There are 2 protein chains.
Amino acid sequence: MAKTAVTLGIDIGGTNTKLGLVNNAGRCVISKSIPTYAEENLDTFLDHLFKTVEEITEPVAEHFEIKAVGIGAPNANFYSGCIEEAPNLKWGKLVPLVEIVEEKIKLPTVLTNDANAAAIGEMLFGVAKGMKNFIVITLGTGLGSGIVVNGELVYGHDGFAGELGHVTVIPEGRDHTTGLKGSLETYVSATGIKRTVFELLSLRIHPSRLREVSFNNLVAKDIATAAQEGDLIATEAFEYTGKILGVALANSVAHLSPEAIILFGGLANAGDLLLDPTKKHFEKNLLHIFRNKVKITLSDLKGDNTAVLGAGALAWKNFEG
Amino acid sequence: MAKTAVTLGIDIGGTNTKLGLVNNAGRCVISKSIPTYAEENLDTFLDHLFKTVEEITEPVAEHFEIKAVGIGAPNANFYSGCIEEAPNLKWGKLVPLVEIVEEKIKLPTVLTNDANAAAIGEMLFGVAKGMKNFIVITLGTGLGSGIVVNGELVYGHDGFAGELGHVTVIPEGRDHTTGLKGSLETYVSATGIKRTVFELLSLRIHPSRLREVSFNNLVAKDIATAAQEGDLIATEAFEYTGKILGVALANSVAHLSPEAIILFGGLANAGDLLLDPTKKHFEKNLLHIFRNKVKITLSDLKGDNTAVLGAGALAWKNFEG
């Protein structure tokens, strides 16, 4: 029996790294998670990574043929194949990951950041199937993005295009660890909405169950739950988050005139709580020629393996045309 | 003797339309200007246009062979070949200009907005020669832009990408005829800097020669002259304009990571008055990975025919590969 062609997708996060085999229908057929060992040296991580690749692939070697490897990682540069100055990984300034993996696994390997990989996942297997111009926004602890123009991911001159989390939305606004002020990520992300809740707790006088929770203990999911139960602070926090996101996305449309913008990740799970105010302020801030043309929609990729799927899709896209 | 291949470039402005023959070295060899007849019906304009094309081309028919036609026009849609709802032209909601011109002149014809044409002019004949990723900003009465990614102009899903004049830079800021508030064009353009001067005249107490001039009589060139002579209001107006532009361009870099941003048009003639504050605030608002990498530079295309050159370049780009 002929082997099924798959790619190996690897998603390196700040805490965990997931890897799995992805077939050309966008199914993650086998997967596994390991710690990222972000605070230890690179070799510790690589030893575990390659051991796990063997564990995954050897038992199924007669069924699957791995064609290529795709990796999503923070601060990853598509052109150089390196992770460059990732603030949350203590592996050195420049990690030539593509070179290392190709030497060890002997398969063509491609690397990009996790949001770019998510965009390719949407294009090959998700709601962006068939679209040539779209933007994916990943809403997790931070805000990432992947931009597709004419059916190709935009990497820009140096490989780092698509950093929409770092556009300025409020001049002289909130501080960010980057040193920038008022960037989108400080408002629209799990961390951003938490900051908004605390701003609103200072401004408003409504009672709110969120007044019982410390900054460090508050998580975005609890804000969503509170809003669903009618908490006024939580509701206003989503309204404000959507307003900032809507204006920022309207600005992205003025750049790129995409067919759709796809929201992906933890905060996007809040659904209409976030989507309704986002759409309202988005339309309001669009130039007339763009109005009622650009869909804002949630990712329909489900399950725990969407990041691995993105990384696997990246490999499919780059090595199988 | 073999004929020299040229394209016919046509730049339709709100007041005048320029047309000329452009060779493949980026020289505009013959040109002429006619009124745009924006307030009259389309046929009046077309009669004059086609008559002028004959006047230009017939006397030199044995020297030049026209290969294609490129047209830059307001609200022009590359995909449809139509001018769509241009507010300053009274020719109807939808003008199928490519179809009309191809039928009359029997040559392949392509249409886009003037800023996109300027970007292609820079790519083929100007400072962007050899660049694959860059942005052109046209600073005239308004602010236009053309974006190039991977060596191709970005038109987006509907043909209208690259409207950077209409990104929001100051939430709830200055009014615009579009109905948007706080868009870039209301701050950074000949009109925008004039508005800034009037805001500063209200805020500051310095004496200034600009206190003698009415809003309707003030032109951007006079603000530049005043600044060069040390006028504090005019100087601060350029500083503020550059600040707003610098932040907006940093946001564009976060989207696209271009190699360069090229400033083109009347207000760009102010040179370092605008360039210095723009570069300062640009660098300050860039994410660290982009710092000291992206050039901001002035167009080096000279003379009265740069718009025709852009339109001619558009035809070269689309029909001669």
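This is a predicted model: local features need pLDDT of at least 70, side-chain atom pairs count only at pLDDT 80 or more; totals for chains, interfaces and linings use all residues.

Guide: Residues are numbered from 1 along each chain as its sequence is written, and chains are lettered from A in the order in which they are written.

Visitor: What makes B:Thr112 count as buried?
Guide: A residue is buried if 20 or more other C-beta atoms, placed from the backbone, lie within 10 Å of its own, exposed if 12 or fewer do, and partly exposed in between. B:Thr112 has 28 C-beta neighbours inside 10 Å, and therefore it counts as buried.

Visitor: Where does B:Thr112 lie, and with which residues is B:Thr112 in contact?
Guide: B:Thr112 belongs to strand β8 (residues 109-112) of chain B, where strands are DSSP runs of E with at least two residues, helices are runs of H or I with at least four, and both are numbered from the N terminus. Contact requires C-beta atoms, placed from the backbone, to lie within 7 Å, and, leaving aside neighbours within four places in sequence, B:Thr112 is in contact with B:Gly72, B:Ala76, B:Phe78, B:Ala117 and B:Leu314. B:Ile71 is 41 residues from B:Thr112 in sequence, yet their C-alpha atoms are 6.4 Å apart in space.

Visitor: Why are β5 and β7 of chain B said to stand at the edges?
Guide: Two strands pair if DSSP finds at least two bridges between them, and the open sheet of three strands in chain B has the order β5-β6-β7 with antiparallel pairing. β5 (76-77) and β7 (94-95) of chain B each have a single partner strand, so one side of each is left without a neighbour in the sheet. Strand β6 (residues 82-84) of chain B is joined to β7(B) by two bridges, and B:Glu84 has B:Leu94 as its bridge partner in β7(B).

Visitor: How do you know that the length of helix α8 of chain A agrees with what a helix should span?
Guide: The expected span is 1.5 Å times one less than the number of residues. For the 14 residues of α8 (residues 306-319) of chain A this should be 20 Å, and the end C-alpha atoms are 20 Å apart, which agrees. α8(A) is also mostly covered, with 12 of its 14 residues buried, and what covers these buried residues includes β1, β2, β3, β4, β8 and α3 of chain A.

Visitor: Why are the two copies said to be related as by a two-fold rotation axis?
Guide: Copies are superposed by least squares on the C-alpha atoms of residues with pLDDT of at least 70 in both. Chain A is superposed on chain B by a rotation of 180° with 0.0 Å of shift along its axis (RMSD 0.0 Å), and the two copies are thus related as by a two-fold rotation axis.

Visitor: How do you know that the copies meet through the same surface?
Guide: The contact takes 36 residues from chain A and 35 residues from chain B. Of the interface residues of chain A, 97% are also interface residues in chain B, so the copies meet through the same surface.

Conventions:
Two residues are in contact if their C-beta atoms, placed from the backbone, lie within 7 Å.
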